[in-house]
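The following exercises are to be worked through with the sequence and the model at hand. Each task is followed by its solution in steps.

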Amino acid sequence: MATAASVHQAGSFETRISNDRATLTLLLTGRLDANTTGRLWREAQHIFEQSKPIRVVIDASEVSYCDGAGVAFIVKLQQYQARTGGDVTIHGLQEEFRRLLGIYGQISIDPPPGRRREPLSVVEQVGHAALGVWQDVQTLLTFVGELTVTLLRAARHPRLVRWSDAWLTAERAGVDALPIIALIGFLLGLILAFQSAIPMRRFGAEIFVANLIGVSMLREMGPLITAIILAGRSGSAFAAELGTMKVREEIDALTTMGLEPVRFLVVPRVLAAVTMTPFLAVFANLFGLIGGAVVMRSLGFPLVSYVNQIVSAVTVSDLLGGLFKSLVYGIVVAGIGCLRGLQTTTGASAVGQSTTSAVVSGIVLIAIVDGVFAVVYYALGL
Amino acid sequence: MPWGCNSVNDTRTRQEPIIQVQRVTAAYQGSVVIDDISFEVYPGEVFVILGGSGSGKSTLLKHMIGLYQPVGGRILIQDEDIVTAERERRTTILKSIGVAYQMGALFGSMTLLENVRLPLEEDTDLPPDAMNLISRMKLKLVGLEAFMDYLPSEISGGMQKRAAIARAMVLDPKILFLDEPSAGLDPITSAELDQLILGLARNLAITFVVVTHELPSIYAIADRVIMLDKRFKKIVATGRPQELRDHSTDPWVRQFFNREVSVP
């Protein structure tokens with residue numbers, strides 16, 4: 001039995017090897033718990049590997065306390081011996097600890113066969129990835145079809161749209177985004193003007209910085225940064241919101257109530273985003289031009305020259321072409337955000353994945369749509 | 001505590017309580033839900049906190065595990081006050097207890113084995129194969145060793161609750177707190193869970209504090225119950241469930257145990 005002194009003593013052991021090196025006696029003392037067995041575990045493993053005993057005798061009469069971790073230690077020694085064909089005898093283990101050994105000691109040496117498959121080969125991985133992309137494209141096409149049909153139906157019957165949701169989303173995705181859009185637009189205009197002014201100065205063509213700012217902001221940069229900010233701010237929010245609803249079975253509840261999730265949740269968001277994006281793009285353009293103006297003023301040009309130069313350089317089609325692009329970006333970003341939300345699987349990490357995927361897919365689609373617009377506008381001579 | 005005793009009632013009076021709740025008043029979102037209650041839990045017993053919906057059962061449990069601060073009173077776990085304990089001492093007390101939450105609260109991105117192994121990784125210097133062996137032992141005890149590679153979302157609700165119990169007991173706590181373990185489970189799974197709780201209490205001498213209002217479970221597992229009543233915000237009954245059902249002087253308590261509709 002444990003002595004009074006050993007009750008609070010950390011677990012330790014002494015070993016004795018018989019003359020023929022066949023029997024290893026292990027004298028265990030003190031507490032065998034999760035905090036003390038870590039060291040014993042390593043030491044014992046080392047000794048067992050060194051001496052490879054045929055017979056192990058564990059004297060546990062000085063063990064004052066033993067919990068699951070202590071039992072695991074003894075079981076591990078038993079398993080080691082079973083693997084190498086040796087045997088283990090345990091002496092003096094108190095009845096209560098012996099009982100614990102009976103409960104926990106039934107564990108098999110090897111863990112049950114896992115369900116994890118072998119890692120895939122490179123070819124298989126490529127195949128899986130390609131199949132995933134193809135399935136994603138199919139889902140996207142189905143979703144676009146469903147959304148188009150629902151939007152057309154909503155156009156015929158405007159009462160089907162939940163306007164209160166649409167207004168709320170318009171405020172969150174539109175009005176609330178104004179400060180960040182203004183800031184980024186201003187900085188972009190400022191930086192573009194400053195960077196281009198330095199090389200242009202060498203040719204005495206600094207006034208043409210106004211042309212550059214005007215055309216690039218209105219045709220390209222204004223709508224593009226608006227769309228990217230929308231993807232980061234609102235596309236992710238849509239995915240997280242709908243994803244959480246999916247996890248909490250709220251989407252299932254809508255479906256069983258006969259309310260189509262696309263009409264109920266996606267249409268108001270898409271409408272709000274589509275309406276607000278061109279307005280946001282106008283602000284991005286405006287603040288970009290203001291940023292340019294600040295640089296031009298600092299270079300000594302009067303404001304009126306800057307404005308006149310811009311008016312002569314850009315056309316209405318530049319402005320409208322850019323705003324039309326932003327409108328399409330709005331549909332794409334809101335649509336993909338909602339789709340990723342609806343595709344959410346179960347679990348806490350699923351919502352995170354959907355949100356990430358919404359932003360990444362949103363930006364990729366913006367780039368694709370931008371490329372398509374570049375070709376179409378070129379073909380149309382715009 | 002003798003191993004494998006069938007009833008703790010006879011030994012209880014001779015033992016020091018493992019948990020003492022002394023004159024605790026608890027408020028939730030500004031309103032008092034529990035008003036000046038005291039009780040004790042003894043080692044090795046299955047202690048059940050009962051009450052109707054909104055009676056403050058879960059609030060009381062969350063006070064006992066140190067998540068909420070009581071407005072007044074003391075809560076002693078193994079003679080240490082969890083309310084006033086300093087940060088480090090409090091962490092030590094919290095590590096000596098295990099809690100399984102109502103929905104399991106398993107970490108969704110980890111497999112069952114990783115969930116169970118987490119406390120070992122954080123608190124011990126055991127080598128990885130020791131942690132795996134201990135985690136497998138706990139999972140085997142709750143009948144889930146074969147599912148150790150599964151994610152929580154891939155197993156049923158009953159399995160999740162069992163896995164949560166395995167995780168709660170991986171550091172061999174003396175006390176396990178369970179919040180509504182059988183809620184939402186089918187009768188067979190619920191009965192299996194009751195067996196598991198009883199087995200752990202009797203064989204490993206773990207003290208259980210269980211919040212539930214599933215009557216069959218209460219009869220199956222409870223050594224002693226307290227009943228909270230939201231009308232008085234007090235304990236209205238204490239004792240063995242069968243005795244309360246048959247002999248309580250409070251009509252509401254008898255109604256509760258007999259599943260009767262209250263008559264105005």
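**Exercise 1.** Determine where B:Asp172 lies in chain B, and whether it is buried or exposed.

*Solution.* Step 1: B:Asp172 is placed in the loop between α6 (157-168) and β7 (175-179) of chain B; helices (H or I, at least four residues) and strands (E, at least two) are DSSP runs, numbered from the N terminus. The model is predicted: local features need pLDDT of at least 70, side-chain atom pairs count only at pLDDT 80 or more, and totals for chains, interfaces and linings use all residues. Residues are numbered from 1 along each chain as its sequence is written, and chains are lettered from A and ligands numbered from 1 in the order in which they are written.
Step 1: Although B:Asp172 is not a glycine, its phi is positive, about 55 degrees.
Step 2: B:Asp172 counts as buried because it has 20 C-beta neighbours inside 10 Å. The cut-offs are 20 or more other C-beta atoms within 10 Å for buried, 12 or fewer for exposed, and partly exposed in between, with C-beta atoms placed from the backbone.

**Exercise 2.** Carry out the corresponding analysis for A:Glu249.

*Solution.* Step 1: A:Glu249 is found in the loop between α7 (209-247) and α8 (250-256) of chain A.
Step 1: Phi of A:Glu249 is near 65 degrees, a positive value in a non-glycine residue.
Step 2: A:Glu249 has 12 other C-beta atoms within 10 Å and is therefore exposed.
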